[in-house]
Amino acid sequence: MDKKIKINGKEIRYSLRRRKGLKSMRLAVYPDGAFVVTAPKWYPVYIINRFIEEKFDWIWEKVKDIDFQEISKKKKSEKTNYKEKKEFARAVIESRVKFFNNFYNFFYNRISIKNQKSCWGSCSRKKNLNFNYKAAFLPDNLRDYVVVHELCHLEELNHRKNFWKLVEKTFPDYKILRNNLRKIRSSNLSNLSKGDS
Ligand SMILES: [Zn+2]
C-alpha cells in the first residue's frame with residue numbers, strides 16, 4: 001500500500017507492507033529512494049505513524065537528498081516502456097521458447113511477460129514460464145540462454161548437475177553466457193530499440 005507523509009515540508013512516499021510473523025516494525029530506504037515500512041499484520045495505523053515520527057531524524061537523513069519527483073518520473077517512463085514493448089517481447093520470447101522446445105519437448109502451461117526488477121526469468125512449480133520483457137532486448141545469445149535456462153527448469157527445478165546438463169545440450173559454453181548475463185543488470189539495460197527494426 002502506497003502512503004505519503006510530510007517531513008520538513010517535503011512529501012515522502014512510502015510503501016506499507018504487512019507481515020504475519022513479524023514482531024516489530026522495520027524501516028528501509030533503498031538507493032532508488034523507495035522507502036518501505038514493514039509492520040506486523042495486526043499493528044494499528046496510529047502505532048505505525050508514531051513509529052515513523054519517532055524515527056524522523058533517521059528517515060530525514062536518508063531521504064533529504066532524494067528527488068522524489070525525478071524518481072516518480074523515471075518510474076512512469078519505465079511503465080510506459082513496458083507497456084509499449086510488452087507485446088513485442090512476448091512474440092520474441094514465445095517464438096524462442098517454441099524454437100528450443102522443439103528439441104527439449106517439455107510441457108509448460110503458460111508464458112508470462114513481466115516487468116520484474118531483478119530477474120530475467122523464472123519457472124514455477126505449476127510449469128508456468130515467466131520472463132522479464134527486457135530479456136527480449138538482450139543480445140541474441142544471452143536472450144536465448146535465458147529462454148533455455150527457464151525451459152530446462154521445467155524438467156529440473158534446481159541448479160544441480162542434471163539441470164546444467166540439460167542447458168549444456170544447447171549451450172556447451174553456458175558458463176560464459178551465465179557470467180556475461182550477470183554483468184548486465186536489467187535496470188541498466190537502457191537500449192530497448194531492437195524491437196523497432
Ligand atoms: Zn535458474
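## Packing around alanine 136

Beyond its neighbours within four places in sequence, alanine 136 is in contact with Phe88, Ala89, Val92, Ile93 and Arg143. The model is a predicted one.

Ala136 also belongs to the largest nonpolar core, a set of 22 residues in which Ile93, Ala135, Ala136 and Val146 have the most contacts. Two or more residues of this core come from each of α3 (68–104), β7 (128–132) and α4 (140–153). The greatest contribution is that of α4, which supplies six residues. Apart from this core lies another, made of seven residues that include Ile12, Tyr14, Ile52 and Ile59. In soluble globular proteins, nonpolar side chains tend to be buried together.

## The sheet of β5, β6 and β7

Three strands form an open sheet with the order β5-β7-β6 and mixed pairing. Its edge strands, β5 (110–114) and β6 (121–123), each pair on one side only. From one strand to the next, the twist averages 15°. Within this sheet, β5 and β7 run parallel and are joined by five bridges; isoleucine 111 has leucine 129 in β7 as its bridge partner.

Two helices lie across these strands. Helix α4 lies across β6 and β7, and its direction makes an angle of about 15° with β6.

## Strand pairing around β4

Strand β4 (residues 35–40) pairs with β2 (residues 10–19) in the parallel sense, and β4 also runs antiparallel to β3 (residues 26–29). In β4, valine 37 stands opposite leucine 16, while threonine 38 is the bridge partner of arginine 26. The hairpin of β3 and β4 has five residues between the strands, and glycine 33 takes a positive phi near 95° there.

| Strand pair | Sense | Bridges |
|---|---|---|
| β2 and β4 | parallel | five bridges |
| β3 and β4 | antiparallel | four bridges |
| β5 and β7 | parallel | five bridges |

Strands of a sheet pair through backbone hydrogen bonds, in either the parallel or the antiparallel sense.

## Domains

How does the domain assignment divide the protein, and which residues does each domain span? The assignment gives domain 1 as 2–66 and domain 2 as 80–196. Taken over C-alpha atoms, the centres of domain 1 and domain 2 are separated by 35 Å.

Key
Residues numbered from 1 in each chain as written. Predicted model: local features only at pLDDT ≥ 70, side-chain atom pairs only at ≥ 80, totals over all residues. Core = buried A, V, L, I, M, F, W, Y, C linked by C-beta atoms within 7 Å. Buried ≥ 20, exposed ≤ 12 C-beta atoms within 10 Å, placed from the backbone. Contact = placed C-beta atoms within 7 Å. Pairing = 2+ DSSP bridges. Domains from an automatic or database assignment. Axes fitted to C-alpha atoms, helices over the stretch in contact; angles between N-to-C directions.
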